[in-house]
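Me: I am new to this structure and would like to know what lies behind the terms used for it. Please go through them one by one.

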Amino acid sequence: MSDIPEAIALAKLLLDIGERIYRTIITGSASDEEARAIRRVLGAELAAVLAKRAADAKAHRTLGT
Amino acid sequence: MTRSNSLPGCVVLCLGVPVVLLGLAAVLTGCGGPPAIATTVTVRTGTALHETDLAVATALTEAADRAIAAAQADGSGFDGYARRMAPWSALTDALEVTRQTWLATDRSLSAWEAGDDGGQIGWMRAAACTAGSLAALTRALRVAGVPVPASIADVAEQITGVAGALCSPGAAQGTSAEGHS
């Protein structure tokens, strides 16, 4: 008897995962050009990391260490 | 009673379901390389990470200016600035961890495309680590008060659904970012 709720949970999980994959598929496949562009961008340093470094340097200049 | 002989249900689900789904996807797309969904999820995740990075960079610069002004006003100096910026340090750490796990996912995808042995399982493991680091990134965004971009929430769901929970313990350093938040 206790297997029934587990079966329902499994069915719900499968439906949920299937829906996510379906949504990914219907939003369209990524192009090679898109893939190359994002590889180039994320291969370099992050803008946020650069911004943090610049902010820390400004704080050192303004406030001292 | 009889369950002691079987694997825990969540382990079977987490490992089995993604493998079955990716296997089906491979069949549907003709085998011999990654299914389109693996490429799409990888690229969409990278794009979402890039968008988030730009949004964080802008918000962080504004927050840093406010933190400098506040530290000047109350005389707490650089320590006061650093204390106010702690959530942003955790956030940039979480972003960097996610970038690293994403790069690993992308490299695994290339290996899979090249037909390397283990390319598929390598991609699934790396993608699962990316899912873990995205969860840590989401928490860090909330702690810093930055709205979580919808694209991050979407890809976090998708990559988790596709890759399952194959990340080896400790590999997703993103989980260590929880300590910052």
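Reply: Helices (H or I, at least four residues) and strands (E, at least two) are DSSP runs, numbered from the N terminus. By that rule B:Asp106 lies in helix H3 of chain B, residues 77–113. This is a predicted model, in which local features need pLDDT of at least 70 and side-chain atom pairs count only at pLDDT 80 or more, while totals for chains, interfaces and linings use all residues. Residues are numbered from 1 along each chain as its sequence is written, chains are lettered from A and ligands numbered from 1 in the order in which they are written, and side-chain values use heavy atoms, with hydrogens and water left out.

Me: What is B:Asp106 in contact with, leaving aside its neighbours within four places in sequence?

Reply: Contact means heavy atoms within 4.5 Å. With those neighbours left aside, A:Arg39 and B:Thr42 are in contact with B:Asp106.

Me: What makes A:Arg39 and B:Asp106 a salt bridge?

Reply: The term asks for a side-chain nitrogen of Lys or Arg within 4 Å of a carboxyl oxygen of Asp or Glu. Here the N to O distance is 2.8 Å, so the pair meets the rule. The pair crosses between chains, from helix H2 of chain A to helix H3 of chain B. A:Arg39 has a relative accessibility of 29% and therefore counts as partly exposed.

Me: How do you know that B:Asp65 and A:Lys58 form a salt bridge?

Reply: Their closest N and O atoms are 2.8 Å apart, so the pair falls within the 4 Å limit. This pair also crosses between chains, from B:Asp65 in helix H2 (residues 36–74) of chain B to A:Lys58 in helix H3 of chain A. B:Asp65, at 36%, is partly exposed, and A:Lys58, at 35%, counts as partly exposed too.

Me: Which parts of the chain does the salt bridge of B:Arg84 and B:Asp74 link?

Reply: The side chains of B:Arg84 and B:Asp74 meet at 2.6 Å, N to O. The pair links distant parts of the chain: B:Arg84 is in helix H3 of chain B and B:Asp74 in helix H2 of chain B, 10 residues apart. B:Arg84 has 33% relative accessibility, so B:Arg84 is partly exposed, and B:Asp74, with 43%, is partly exposed as well. Over all chains the structure holds seven salt bridges, and three are found across the interface of chain A and chain B.

Me: What area is buried between chain A and chain B?

Reply: Buried area is the accessible area (1.4 Å probe) that two parts lose on being put together, summed over both. For chain A and chain B this is about 3,500 Å², of which carbon and sulfur atoms give 67%. The contact takes 39 residues from chain A and 48 residues from chain B.

Me: How many helices and strands does chain A have?

Reply: Chain A has three helices and zero strands, in the order α-α-α from the N terminus on. Of its 65 residues, 25% count as buried.

Conventions: Buried means under 20% relative accessible area, exposed over 50%, partly exposed in between (1.4 Å probe, protein chains only).
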